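Colleague: Could you walk me through the fold of this one? I'd like to start with the strands and then move on to the helices.

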Amino acid sequence: MSGSPESEELPATQTGPKGVIHDWRKFKLESEDHESIPPNKRELLRQMSNPKTSNDDTREKINRKMSVQEYEMIQEEDERCLRKYRRQCMQEMHERLSFGPKFDAVYELDSGEAFLDVIEKEHPLTLVVVHIYDDGVTGCDALNNCLTCLAAEYSAVKFCRIRGSATGAGERFSGDVLPALLVYKAGELLGNFMRFTKHLNEEFFATDVENFLNEYGLLPEKDFAACPVEEENADVE
């Protein structure tokens with residue numbers, strides 16, 4: 001995934017009670033399966049999403065019709081669609097409050113130059129976590145797996161890994177100091193943990209690595225978690 005900030009502007013959402021109702025009606029109209037909606041209900045939804053008319057008498061008739069039929073529709077409202085709408089609104093709000101590029105994987109660095117670039121040229125708001133590893137060194141594979149899990153939960157953090165032999169400073173990163181975990185932000189070294197496994201139990205998991213980094217204040221807030229699919233049948237408050 002590209003590390004460059006998204007330049008596209010998100011669609012504006014209206015605020016205030018009338019704006020929220022309008023947005024919900026529009027969302028409902030767009031997300032409904034039109035083939036399954038009776039023509040009169042489809043027309044009512046269309047009018048509610050854009051209740052503009054040039055004739056005052058027609059507007060009054062529509063409003064009177066809406067007052068009866070809208071109440072009936074509320075009673076029959078598709079709760080799955082409502083939950084989807086609420087999740088979408090929360091996700092958009094989260095994205096508006098998020099800054100800097102986003103990532104979704106552990107990036108393999110293949111040279112010392114790539115190592116320096118990710119430290120010095122990454123966005124200044126981006127936290128960069130680099131795992132220096134080598135094949136056959138105890139704990140390296142497990143830490144790689146842990147960082148893959150954390151990358152899915154902390155998209156604002158750029159997780160990377162590089163073989164000690166590829167850094168150009170192999171003598172500094174010999175097997176007896178690996179796995180090593182280095183944390184940078186805006187080119188500054190914030191954390192330097194050699195033989196990282198000495199800080200953990202013999203068998204460790206992503207939550208153990210996460211807790212360790214949190215103890216040093218080296219992780220941001222977790223990403224927004226949308227309501228999981230299995231909660232689709234939960235009651236809407």
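Predicted model: local features only at pLDDT ≥ 70, side-chain atom pairs only at ≥ 80, totals over all residues.

Colleague: How do β2 and β4 run, and how many bridges join them?

Modeller: β2 and β4 run antiparallel and are joined by six bridges, where strands count as paired if DSSP finds at least two bridges between them, and helices (H or I, at least four residues) and strands (E, at least two) are DSSP runs numbered from the N terminus. Residues are numbered from 1 along each chain as its sequence is written, and side-chain values use heavy atoms, with hydrogens and water left out.

Colleague: And what about β2 with β3, which way do they run?

Modeller: β2 and β3 run parallel, with seven bridges between them; Val-129 stands opposite Phe-159, and Tyr-133 has Arg-163 as its bridge partner. Between these strands the chain passes from β2 through α6 to β3, and this β-α-β crossover is right-handed, in that the path from the first strand over the helix to the second runs clockwise with the strands pointing away from the viewer.

Colleague: Is β2 buried or exposed?

Modeller: Seven of the seven residues of β2 are buried, so the strand is largely enclosed by the rest of the structure; buried means under 20% relative accessible area, exposed over 50%, and partly exposed in between (1.4 Å probe, protein chains only). Leu-127, Val-129, His-131 and Tyr-133 point one way from β2, whereas Val-128, Val-130 and Ile-132 point the other way.

Colleague: OK, switching to α6: which residues are buried there?

Modeller: Those in α6 are Cys-140, Leu-143, Asn-144, Cys-146, Leu-147, Leu-150 and Ala-151. They lie on the same side of α6 because they cover an arc of only 165° around the axis, taking the arc as that of the directions from the helix axis to the C-beta atoms. The face turned away from that buried side carries the exposed residues Asp-141, Asn-145 and Ala-152.

Colleague: What does the buried side pack against?

Modeller: The buried residues of α6 pack against β1, β2, β3, β4 and α7, with contact meaning heavy atoms within 4.5 Å.

Colleague: And α7, which residues are buried in that one?

Modeller: In α7 they are Ala-206, Val-209, Glu-210, Phe-212 and Leu-213. They line one face of the helix, because they fall within an arc of 160° seen down the axis of α7. Their packing partners are α6, β4 and β5.
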